[in-house]
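Student: I would like a close look at one part of this model, the charged side-chain pairs. Please take it one pair at a time.

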Amino acid sequence: MQRLFSRRVQVTLLSTFIFFSLSTLALDLKIEELKPVEIQSKTTVEIVNQLSKHHYRQQELDDNLSSRFLDEYLKTLDSAKNFLLASDIAEFDKYRKTFDDDFKVGNLDHSFAIYNRFNERFITRLNEVVAQLDKKDSNFNFTIEESINTDRKNEAWPANKEAADKLWQQYIKSNLLSSMLSGKSLEESKITLRKRYTNQLRRIKQQTSEEAFSVMMNSLSMLYDPHTNYLSPENSENFNISMSLSLQGIGAVLQSDEDYTKVISLVPGGPADKEGELKPNDKIISIAQGLKGEFDDVVGWRLDEVVKKIRGEKGTIVRLEVIPANPTATGNKKITIKRETVKLEDQAAKKAIFSVNNGKQNFKVGVIDIPTFYMDFEAFNRRDPNYKSTTRDVYKLLDELHTEKVDGVIIDLRENGGGSLPEAAMLTNLFIDPGPVVQIRQNDDSISRDYRATSPAVYRGPLMIITNRLSASASEIFAGAIQDYGRGLIVGSTTFGKGSVQTMMPIEKGEGDLKITQSKFYRVSGDSTQHRGVIPDIEFPTLINTKEIGESSYDNALPWDQIHPAPHDIYYNINSYVPQLNPLHQERMKTDPDFIFLKQQASLYEELSNKKLVSLRLATRQQEQQKIEQRTLDMENQKRKAKGQAIYANYAAYKAKELKKDDEDAPEEPKKKELEPEKDPYLMESGKIMGDFIQEIKKQADAKVAKH
């Protein structure tokens, strides 16, 4: 079912929240039409002017953009195309080329007319669905073979009410079937679904013109790029909370994704990160307060409402029911998290030393894990000589690794979503001599190279950076600089691709704020990190679906492009090493049980993720579920057998072992995550590549000496 509002705005869950209960809804619910107010007209005019003058993507609000706005607006309201009818869309087409003229003078009548029509269709439809679910004799036949298309973005709008009725029968059956497959009876599933729709009806009665206006303005702003957002006064407050240094809550970055609230990333060192069960791309479907609180279904809720339910005081409990991102999971998962303040020391860089043998020689490798680029600004501002920062901590760790006489150093940037840009530049300076680190181009085409390495490098030995899809922003600047200077080898998977810079601009003549993209990062090579990200020299298999996570997954993302390179040194010709290193890496992966397992998982994930037609026959779905369970069990047992471990007798035994704890149990105090290379196949293989790299450096150096 389509979510009422589907803004793709990210929010970090950090501060306090007050729980409130809601009264029962009558099925004959009626609401008054929403109307714009004068302050919204003024705000619209200023937003249009700000976008035109200050956005990095210089595009005018004209007939073409007006047409795109209508499509974006309708997609935001009804992306699954299951409320509005083809006749509605045909009627709205008369506005297609008028929004540019309307918004320039603050006229919101047409956009509110569309919004109110959607509300009318929404209320009528859900009242019908609730009434059907209330019928004791409602007939849902799960024995006939039919299917539903779960991806309707390219489908036509329902031609008439009869076509919409048929589509909704499939939606109801699909939702009931999913609930039944997770262990509930048909009657329990009907009760759950009824609660979901009555909650959504209740919420639509409580909506305000400010909420409607926010949807309209974000449908416009995100035509410029996905990180440009209008923040209403309430959402602006939420954003300020999310940027606070005192990170309190569960520590998760969320995003609206049609009906669902999806986890984008976890705050390093936060409660969810430490607890370890919540994963990127998990979809939150219900939330409970405390160990015994009842779960409230939140499918179809606005993002800010979900945020309010997850926020809470330090030390309190929140439980989440999620649809796991793992497509092989055959049921929902319940996760218990104790809300805590994210402490700076939990985000601090840490080191480990491990030994590897690449088949020829033993190597002692140091790894430094950097969860985020941090700086204790409060301590810095009060001139505390011992203030913590990424660069200062890594400097000390490098000194310790030098004392331990490691053969090479790996910097682990996996899941590092960025942070302080100055820290990324200063960290780069630990590995390169003076020179530029990043170029920044403004919307007026001026280019600055102010972030530079200014002193001699501290560490000059063999260096490797490991990345994945969740390495973003400042991480990409650091990894890109190391790659461009040829200072080290980049291994892992392609990074996120977040290469734009946003600024908060207050709406002076209206209300709220505009978070607007005004500049773009470029590497010293001249390549932007935007959209494309940093591509590793040697790739590892990944389980992250890059079609769903990453800058390239966003509509209207700024494109990758190039500017002139900045003069910079080259330390190693990395391209001369990769042809020798990559075949050795590929050969090891063919026989490594962990990587065989990872590749099998990735293949199964892709197969299941690409499946868009879903059967509505119970027996068929049960058979498919059993096949997935068997394939999952076979893959796991193949890996365990190859590693000399005991295999599972059946899927039930495997599942019982995998379940960390019952969701009714009180969670243990979150523990600081330890760095354990021996348990991490990616790090162990990175260590072996480091051994190959060291040998190849020596080999090429010896060849040069021989020539002379």
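Student: Which side chain does Lys-153 meet in a salt bridge?

Tutor: The model is a predicted one. In it, Lys-153 pairs with Asp-151 through a salt bridge, with an N to O distance of 2.7 Å. Lys-153 has a relative accessible area of 53%, and the limit for exposed is over 50%, so Lys-153 counts as exposed. Asp-151 has 24% relative accessibility and is partly exposed. This pair is one entry in a total of 46 salt bridges in the structure.

Two further pairs have buried partners. Glu-305 and Arg-203 form a salt bridge whose closest N and O atoms are 2.6 Å apart. Glu-305 sits in helix H11, residues 303–310, while Arg-203 belongs to helix H7, residues 186–206, so their contact ties together parts separated by 102 residues in sequence. Glu-305 and Arg-203 are both buried.

The other pair is Glu-211 with Arg-302, a salt bridge of 2.9 Å from N to O. Here Glu-211 is part of helix H8 (residues 209–221), and Arg-302 is in the loop between strand E8 (296–297) and H11, so parts 91 residues apart in sequence are tied together by this pair. Glu-211 and Arg-302 are likewise both buried, that is, under 20% relative accessible area.

These two pairs belong to one network: salt bridges with shared partners join Arg-203, Glu-211, Arg-302, Asp-304 and Glu-305. As background, side chains of opposite charge can pair when their charged atoms come close.

Definitions and conventions
Residues are numbered from 1 along each chain as its sequence is written. This is a predicted model: local features need pLDDT of at least 70, side-chain atom pairs count only at pLDDT 80 or more; totals for chains, interfaces and linings use all residues. Side-chain values use heavy atoms; hydrogens and water are left out. A salt bridge is a side-chain nitrogen of Lys or Arg within 4 Å of a carboxyl oxygen of Asp or Glu. Buried means under 20% relative accessible area, exposed over 50%, partly exposed in between (1.4 Å probe, protein chains only). Helices (H or I, at least four residues) and strands (E, at least two) are DSSP runs, numbered from the N terminus.
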